[in-house]
Amino acid sequence: MIERVAKPLAGFLNWLAGLLDAIYRALGRPGKLLQDLLNGTWLGHSLHAVLVDVVVGGATAVVFLDVLRVVFGVTGTEDAGTWVLALTYAAGVGAILSGWTDFKDTASGNERNVVGLHGIINAVGFAGFGFSLFQRLQGNPDAAFWPMLIGYAIISVGAYIGGHVVFKYGYMVNRNAFNRGKRAKEFTAVAPLADVPDGAATQVTFGTTKVVLVRRGDVVHALKDTCSHAGGPLSQGELGDGTITCPWHGSVFRLRDGGVVHGPAASRQVTYRTRIADGQVELQGPHD
Ligand code: FES
């Protein structure tokens with residue numbers, strides 16, 4: 001049902017994703033660093049999830065304080081409610097910025113539509129928080145009650161849809177989290193060295209796992225081919241100075257250890273130990 005509700009938004013959301021991408025590209029390197037900050041590349045997982053915890057927890061506390069005051073007549077909670085809502089609002093601004101930054105790199109279709117619906121609903125609920133905060137700062141705590149409660153109800157719906165897109169689509173989840181495979185102790189030949197051109201990305205299979213090899217002279221780097229962000233094929237990516245860039249959304253990984261140089265990926269890429277023996281490239285590491 002959520003997908004049906006979100007579908008009519010597809011045209012607008014595709015346009016919006018393109019616009020956000022164009023803005024980040026126009027900002028150049030500062031834009032890339034801002035995107036890394038907001039995606040949570042530096043944190044090791046989504047920054048949005050962290051900020052949303054503050055928003056939901058803070059809003060719940062404010063509603064609780066308001067109900068104590070309005071329904072049960074408990075006095076002296078006004079200042080606490082204002083301060084907690086101010087914190088909630090600040091975290092909410094960060095959650096909106098990080099959320100729409102994550103959104104621009106969604107797969108078009110149901111995933112993007114549902115993420116967009118989540119963002120729009122939460123933006124509406126957040127406006128209720130803003131109006132409530134304004135009333136509190138004006139010294140009108142009673143006028144702040146209903147906008148807060150309505151905003152909280154709307155945000156709860158948005159949060160449910162946010163959970164839906166994570167649990168159903170694996171949105172912003174490490175794509176390599178569940179298929180670590182067996183970690184064989186022995187090295188296994190995956191390709192003759194002669195078939196691995198120097199300075200290019202070559203896809204091979206290790207068991208049934210796709211792996212990208214990058215040869216630099218006598219050194220061969222091996223990373224899992226499936227990008228940790230959303231599953232893009234790294235073997236079709238661009239090679240840089242010790243890095244490979246995913247062709248789908250531009251995450252940059254270090255060849256040496258799979259570390260994330262730039263997002264939107266936040267999880268390091270699986271790597272394999274390599275050696276050359278009898279003219280063969282051999283790998284050791286987790287594979288299916
Ligand atoms: S799939 Fe998104 S950056 Fe690789």
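Visitor: Which domains does the domain assignment of the chain give?
Guide: The assignment gives domain 1 (2-169) and domain 2 (182-287). These bounds come from an automatic or database domain assignment. The model is predicted: local features need pLDDT of at least 70 and side-chain atom pairs count only at pLDDT 80 or more, while totals for chains, interfaces and linings use all residues. Residues are numbered from 1 along each chain as its sequence is written.

Visitor: How many residues does the contact take from domain 1 and from domain 2?
Guide: Domain 1 gives 13 residues and domain 2 gives eight residues. Two residues are in contact if their C-beta atoms, placed from the backbone, lie within 7 Å. The centres of the domains, taken over C-alpha atoms, are separated by 37 Å.

Visitor: Which helix gives the most to the side of domain 1 that touches domain 2?
Guide: Helix α3 (residues 28-39) does, with four residues. Helices (H or I, at least four residues) and strands (E, at least two) are DSSP runs, numbered from the N terminus.

Visitor: What span is expected of α3, and what does α3 reach?
Guide: The expected span is 1.5 Å times one less than the number of residues in the helix. With twelve residues, α3 is expected to span 16 Å, and α3 reaches 16 Å from its first C-alpha to its last. Just after α3, Gly40 has a positive phi of about 95°.

Visitor: Which residues in α3 are called buried?
Guide: Gln35, Asp36, Leu38 and Asn39 are. A residue is buried if 20 or more other C-beta atoms lie within 10 Å of its own, exposed if 12 or fewer, and partly exposed in between, with C-beta atoms placed from the backbone. The cover over the buried residues of α3 includes α2 (10-26), α4 (47-70), α5 (78-103) and β9 (260-262).

Visitor: How many residues has the largest nonpolar core?
Guide: It has 26 residues, and those with the most contacts inside it are Val211, Val212, Leu213, Ala222 and Leu223. A nonpolar core is a set of buried Ala, Val, Leu, Ile, Met, Phe, Trp, Tyr and Cys residues joined through C-beta atoms within 7 Å. Strand β4 gives the most to this core, with four residues. Apart from it lies another core, of 18 residues, among them Val55, Leu65, Ala91 and Phe126.

Visitor: What order has the open sheet of four strands?
Guide: The order is β6-β7-β8-β9, with antiparallel pairing. Because β6 (238-239) and β9 each have a single partner strand, they stand at the edges, and one side of each is left without a neighbour in the sheet.

Visitor: What makes β6 and β7 a pair?
Guide: Two strands pair if DSSP finds at least two bridges between them. Two bridges join β6 to β7 (residues 243-245), and these strands run antiparallel. The bridge partner of Glu238 in β7 is Thr245.
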